[in-house]
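Welcome, and please open the structure in your viewer. We will go from stop to stop, selecting a few pieces at a time.

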Amino acid sequence: MFDLSGKVAVVTGSSRAIGRSIAEGLARAGARVVVSSRKVEACQQVVESIRSESFEAVAQACNVSDKAQLQGLIKTDFSRALWQNAQLLQHVERSTPVRRMGQPDDIGGVAVFLASKAAACITGQTLVVDGGLSVRESA
């Protein structure tokens with residue numbers, strides 16, 4: 001169900017963190033991956049890592065700067081100031097139903113699922129990957 005052989009995945013912002021996890025997950029599922037970010041050098045490092053596992057990947061510089069709204073806190077360089085604050089981190093861990101901060105692979109797995117046949121009937125939906133925070137807030 002999760003075989004992406006014969007597919008090509010273009011992953012923007014895939015030189016680090018969440019994007020990198022998505023690119024690596026898609027490659028492991030069999031997709032040929034285009035690793036894309038602002039700096040081709042950073043992309044090339046990810047490509048080399050993917051190729052070292054015998055998967056196909058190429059690097060392509062691209063700048064996509066339209067920011068999507070993010071609900072959950074994912075441990076990335078972008079959110080470093082938040083998760084390095086011990087008081088805030090403790091609050092996140094106590095108030096999030098999964099009792100931890102999200103990791104890039106939490107998003108990568110969802111991306112592989114959405115790209116696979118397992119999600120063939122999912123259209124026009126928003127999947128919130130926030131460790132249950134939005135459920136708790138609406139209760």
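In which hand does α1 cross α5, right or left? Keep in mind that you are looking at a predicted model. Select residues 17-28 for helix α1 and residues 104-115 for helix α5. The crossing of α1 past α5 is right-handed.

**First stop: α1 and α5**

With both helices still selected, look along their axes, which lie 8 Å apart and pack at an angle of about 45°. Because angles under 35 degrees count as roughly parallel and 65 to 115 as roughly perpendicular, this angle makes α1 oblique to α5. Now show the side chains where the two helices meet. On the α1 side, pick A17, I18, S21, I22, G25 and L26. Facing them from α5 are P104, D105, I107, G108, A111, V112 and A115. Colour this contact by class and you will find nine nonpolar residues, three polar and one charged.

**Second stop: α1 and α2**

To see the contact, select R20, A23, E24 and A27 in α1, together with Q45, V46, S49 and I50 in α2. Sorted by class, the contact between α1 and α2 holds four nonpolar, two polar and two charged residues.

Next, select strand β1, residues 8-12, and its neighbour β2. The two run parallel and are joined by five bridges. Zoom in on V11 and you will see V35 of β2 opposite. Strands in a sheet pair through backbone hydrogen bonds, so try showing the backbone atoms here.

How many of the six residues of β2 are buried? Select residues 32-37 to look: five of them are, so β2 is largely enclosed by the rest of the structure.

You now have an open sheet of three strands in the order β1-β2-β3, paired in parallel. From one strand to the next, the twist averages 20°.

**Last stop: helices on the sheet**

Bring α1 back into view: this helix packs on the sheet, touching β1 and β2, and its direction makes about 170° with that of β1. Then show α2, which also packs on the sheet, touching β2 and β3, with its direction at about 170° to that of β3.

How values were computed: Residues are numbered from 1 along each chain as its sequence is written. This is a predicted model: local features need pLDDT of at least 70, side-chain atom pairs count only at pLDDT 80 or more; totals for chains, interfaces and linings use all residues. Side-chain values use heavy atoms; hydrogens and water are left out. Axes are lines fitted to C-alpha atoms, for helices over the stretch in contact, and angles run from 0 to 180 degrees between N-to-C directions. Helices (H or I, at least four residues) and strands (E, at least two) are DSSP runs, numbered from the N terminus. Angles under 35 degrees count as roughly parallel, over 145 as roughly antiparallel, 65 to 115 as roughly perpendicular and the rest as oblique. A crossing is left-handed if the near helix is turned anticlockwise from the far one by less than a right angle, and right-handed if clockwise. Contact means heavy atoms within 4.5 Å. Ala, Val, Leu, Ile, Met, Phe, Trp, Tyr, Cys and Pro count as nonpolar, Asp, Glu, Lys and Arg as charged, and the others, Gly among them, as polar. Buried means under 20% relative accessible area, exposed over 50%, partly exposed in between (1.4 Å probe, protein chains only). Two strands pair if DSSP finds at least two bridges between them.
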